[in-house]
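Hi there,

Here is the structure I promised to pass on. Have a look at it first, and then read my notes below.

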Amino acid sequence: MERDDIFSAVALRYPEWADAPYISAKAKGSVAERLVRIAEENDVPVVENAEMANVLSLQNLGSFIPEETYAAIATIFAFILKLDEHKS
């Protein structure tokens, strides 16, 4: 997996108690590549969206995603849920 030096990765969590997803991990460069590799090795869904990763990487770790990203993130979560349904 080769990526640009400015490659960003952001992990989101959306527990039942939360009002919105929050940023549980974020990284850039080779650490971001490792984050993605760990996710893939553990069957955690990975969606590539460089623009969204760049926007979310500006937020603080542990913060909820910005409201202006709700629609885009909802689309990503819906896509992941559909994939999970097809696996079952």
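Rings of Phe, Tyr and Trp (its six-membered ring) count as a pair if their centres lie within 6.5 Å; planes under 30 degrees apart are called stacked, over 60 edge-to-face, and the rest tilted. By that rule, a search of the whole structure turns up three aromatic pairs. In one of them, the ring centres of Tyr 22 and Phe 64 are 6.5 Å apart and the planes stand at 85°, so this pair is edge-to-face. The two residues are 42 apart in the chain: Tyr 22 belongs to strand S2 (residues 22-28), while Phe 64 sits in the loop between helix H2 (50-57) and helix H3 (70-87). Ring pairs also link Trp 17, Tyr 22 and Phe 64 into a cluster.

A word on the model: it is predicted, with local features needing pLDDT of at least 70 and side-chain atom pairs pLDDT 80 or more, while totals for chains, interfaces and linings use all residues. Residues are numbered from 1 along each chain as its sequence is written, and side-chain values use heavy atoms, leaving out hydrogens and water.

Helices (H or I, at least four residues) and strands (E, at least two) are DSSP runs, numbered from the N terminus.

On accessibility, Tyr 22 is buried at 19% and Phe 64 partly exposed at 40% (buried is under 20% relative accessible area, exposed over 50%, partly exposed in between; 1.4 Å probe, protein chains only).

Ser 8, in strand S1 (residues 8-13), is buried too, with a relative accessible area of 7%.

Best wishes
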